[in-house]
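Here is a friendly walk through a few packing and pairing details. Have the viewer open as you read.

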Amino acid sequence: MSLTIVVCGSLVPDPLQSLIPMPTPDGFGLKNEMMLPHVLDPWAAHALYEAANLAKKVNGKVYLVSLGLKAKLQQSMMTIAQKVPFELVAVDASHSGFSDSSAVADALAAAINSIAGLDKSSLLIFGGWESASRAAGTTMQIVGEKLGIVDQFQGVDEILLNSDGSFQVLERVEGGTHQVSVCSGPPAVLGWATGNLPEPPNNPQVGMLNMRIVMPAIQQAKPATIKDQALTFHNVEVPAQRRQTKIVKDTPVPEIAREIVEWLRL
Amino acid sequence: MIAERETSMDDVQRQAMDVDIACVGFGPATAAFLTTVSRELLNEDGTPKLLSQKMPGMPLQIMCYERADDISFGVSGVVTKAKAIRQSFPDLTVEDISMAQEIKKEKMVYLLDPVGASRRSTVHNFLDSLLKPVAKNHAIESPFIPGGMNKHGGLLFSIGQFNQWVGAQIMSSGLVQLWPGTPVNAPLFDGDKVTGIRLSDQGVDLRGNPEAAFMPGMDIHADLTVVGDGPVGYIGQQLDEHFGLPEDHEQKDWAVGMKMVVELPEQSTLEAGTVLHTLGFPEPEIFGFLYVHPDRLASLGIFIPSWFDNPARTSYRYLQHWMMHPYLWKDLQGGTLKSWGAKSLQESGKHGEPLLAGDGFARIGEGSGSTNIFLNSGVDEAWMTGILLGKAVITLATEQKPFSKDNLQATYVKKRHDSWLEREAQIAAGARNGFQRGFFTGLLGMGLTMLSGGIFKVKTPAKAAYERSVNLIDFYKGRIPEAEIKKIQQESYAKGIAASDALMTRAGWPDIPYDGQLLMTHQDALFSGGKVQAAAGYKDHVVFLFPYLCETCENKLCIEICSGQAITPGENGIPEFDREKCIHCGACMWNCVKTIPGDPTKTNISFQAGSGGLHSVEN
């Protein structure tokens with residue numbers, strides 16, 4: 001069984017930075033967004049690692065469809081490319097976190113459709129169930145709809161291939177449990193939760209192999225405009241933060257829990 | 001370029017790769033080197049101009065490995081004349097780089113002590129009392145900036161944003177590959193020839209022992225290894241250990257610079273392009289700076305030098321008192337911390353210059369002794385070293401000559417020693433050594449050097465922290481009784497924290513009124529001002545070489561100076577290291593007061609190449 005796995009993984013501002021929403025002439029955006037370092041959306045990153053793991057088992061191929069500004073793609077790919085083998089399909093566009101997920105899905109679906117020789121009968125579309133860029137958790141679903149793929153799974157933590165071409169999927173449901181589904185085969189869309197795989201180490205050799213394709217792909221990235229005609233943000237606020245850090249070693253777990261509860265009650 | 005072969009070294013099978021040039025560290029020097037060389041790699045028609053020896057028919061194959069997670073995670077507010085940078089970018093405008101600004105106003109400010117806790121001599125206090133009546137906001141503004149120190153017409157910028165800007169241009173050429181998140185563990189030697197580098201092993205425990213996911217670091221074989229890994233770079237250290245420093249050269253003069261990027265409050269009257277240099281407070285030995293970027297952002301901070309004989313040398317607490325000085329606080333109160341960080345400065349300059357080139361390697365940047373501390377300038381000098389090496393490499397590659405010691409000496413080293421860099425470095429060499437004997441002697445030495453163009457200097461040898469008489473009892477003599485000092489130290493260490501905070505409070509420094517916005521605990525700054533990351537699977541990069549020496553160490557400067565509170569008191573007096581708080585400033589290495597058996601110049605703390613560190617691009 002051979003699979004083609006397309007991972008939708010866009011760049012987002014590094015969630016470790018202080019992200020401050022602010023109005024711009026084009027709607028809401030982030031303060032100094034261009035100054036911020038960008039990373040592969042952590043949710044999509046899980047999907048990429050799972051895709052690479054799966055592709056290795058079935059001798060499949062992984063495409064990474066990534067939406068971001070060219071300059072940011074160039075910078076971020078030097079890190080991402082060291083993780084796992086993939087072929088990049090770059091889309092030159094800024095979508096910030098305030099874009100309409102339907103408009104983003106449009107651009108992603110168009111990029112997927114542009115992959116030459118893509119065999120949809122062996123196609124799995126992976127992506128993040130959620131996003132670190134304040135997405136509504138709907139992008140992957142809409143990508144699937146636009147590609148005409150009806151078998152969709154969201155909040156996925158595991159995929160197991162069966163010898164008959166079918167596969168079993170574990171989706172997160174309420175209460176920390178999983179719903180187990182069996183799908184007869186591709187095509188399908190899987191929006192990943194965290195999966196089970198650790199972040200792979202940086203492998204310079206993988207990086208070198210990827211970069212043969214990554215740099216030309218970035219050079220050839222087609223510009224896309226993300227139109228937000230259907231969506232307007234009236235107000236945006238980040239949750240208030242309270243911070244009171246202290247260093248205490250060897251505190252018993254019950255004591256830590258008690259302090260957290262007390263702190264939450266304040 | 002990827003050689004599908006493996007080498008067997010140290011009984012570990014490693015992947016190996018052959019390249020023409022391998023660079024270690026991406027800072028201004030390496031950026032300049034790559035900018036210079038990459039422009040000459042191709043002819044106008046796109047055919048290779050500088051031919052690769054490893055991939056026939058292709059241009060030189062150049063790799064650059066940076067240990068930080070992104071090429072833009074540097075720490076340094078930069079104020080510079082930018083003459084070397086403009087040599088590379090003649091059409092440079094400040095609009096090209098975020099946070100860059102032309103310098104419009106520059107002031108030198110002497111800060112009096114409004115708190116009464118600063119440790120000043122009787123003479124110093126007397127002179128302060130004379131100045132006090134004419135001081136405004138407890139400060140005296142100097143009517144002029146001495147000689148070459150002023151940077152009028154120059155630029156101020158954030159090193160993170162600058163690196164991001166220049167890195168994007170280098171990468172867009174597609175001719176050079178920059179690999180962040182890739183620490184380099186060792187140079188590869190063949191006798192005295194450097195044949196490349198070995199990347200750090202992954203999938204190891206904190207001590208470097210292989211675990212289940214072990215992935216040996218790759219060997220990168222290169223005809224030329226360019227070492228630009230900064231003042232505390234591990235590859236530079238190992239080269240110095242192998243070759244030794246040139247005769248009469250030594251690296252004993254250091255400082256740690258701690259800085260913040262602050263969003264200024266609306267009431268601030270500081271204009272973009274303003275540069276302030278301060279001296280006198282919070283301690284006479286501590287100098288400060290404040291640079292105003294566009295959009296009401298400011299880089300500000302202090303330097304704690306190795307000749308400051310206070311074992312309770314906490315940069316963070318001192319930085320807060322410095323910010324709260326009335327002269328500065330009027331423009332900072334109500335501001336917001338945007339970013340924070342620290343770095344070591346190798347202040348020996350020319351006197352600390354290592355062997356600049358040998359068979360298969362060349363040194364550039366601050367680790368090569370380029371920082372001119374007399375002129376308060378380092379980035380432009382580092383950039384110049386990169387240009388000079390770049391030109392040398394172009395010459396040698398064009399003539400198809402090997403990167404041998406003789407060839408690199410005849411090109412890079414000779415050009416460097418014939419350049420303005422060397423002339424200015426010679427004037428600066430030892431110009432600040434007077435500070436080794438005290439504040440006023442230091443000022444006198446600086447003045448003499450300035451007026452005589454470097455002919456006259458206060459001649460006194462620089463001493464490393466481990467050679468100075470540094471102890472708490474002496475420093476707080478007359479202010480805190482010996483028994484109480486020991487009690488405070490014991491109590492603090494029992495809590496697992498440094499003693500400096502409690503000692504400063506006891507010595508009269510007021511508590512910091514935390515506002516959670518600009519004034520906050522050290523740990524909060526760690527989370528709010530940059531966010532520290534430490535990737536799993538690497539060994540610890542701070543190692544206490546001989547733990548028994550720590551057991552007998554009374555001062556524990558490593559704990560007190562640690563910029564991220566990553567080094568804390570541990571059992572039996574042996575400090576503990578938590579890399580998830582380390583911001584890779586390297587100050588622990590040169591603040592350690594114990595030297596190891598057999599090498600009186602090497603301290604007991606080995607500062608190695610680690611992944612991660614601060615995630616901040618504004619610094």
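## A covered strand in chain B

Strand β6 (residues 105-111) of chain B is mostly covered, with 5 of its 7 residues buried, where buried means under 20% relative accessible area, exposed over 50% and partly exposed in between (1.4 Å probe, protein chains only). Helices (H or I, at least four residues) and strands (E, at least two) are DSSP runs, numbered from the N terminus.

β6(B) has a parallel partner in strand β16 (residues 274-279) of chain B, joined by 6 bridges; two strands pair if DSSP finds at least two bridges between them. Within this pairing, M108(B) stands opposite H277(B). β6(B) also pairs with strand β7 (residues 139-141) of chain B, in the antiparallel sense over 3 bridges, and there Y110(B) has I140(B) as its bridge partner.

## How to read the model

This is a predicted model, in which local features need pLDDT of at least 70 and side-chain atom pairs count only at pLDDT 80 or more, while totals for chains, interfaces and linings use all residues. Residues are numbered from 1 along each chain as its sequence is written, chains are lettered from A and ligands numbered from 1 in the order in which they are written, and side-chain values use heavy atoms, with hydrogens and water left out.

Helix α1 (residues 28-38) and helix α8 (residues 379-398) of chain B pack at an angle of about 35°, their axes 7 Å apart. Axes are lines fitted to C-alpha atoms, for helices over the stretch in contact, and angles run from 0 to 180 degrees between N-to-C directions. The residues of this contact divide into 13 nonpolar, 5 polar and 1 charged; Ala, Val, Leu, Ile, Met, Phe, Trp, Tyr, Cys and Pro count as nonpolar, Asp, Glu, Lys and Arg as charged, and the others, Gly among them, as polar.

D240(B) lies in helix α5 (residues 234-243) of chain B and counts as buried at 17% relative accessibility. Leaving aside neighbours within four places in sequence, D240(B) is in contact (heavy atoms within 4.5 Å) with L245(B), Q251(B), P354(B) and R363(B).

## The open sheet of chain A

Chain A holds an open sheet of 9 strands with mixed pairing, in the order β11-β10-β9-β12-β8-β1-β6-β7-β13. β11 (177-183) and β13 (222-223) of chain A each have a single partner strand, so one side of each is left without a neighbour in the sheet.

Strands β1 (residues 4-8) and β8 (residues 123-128) of chain A pair in the parallel sense over 5 bridges, with I5(A) opposite L124(A).
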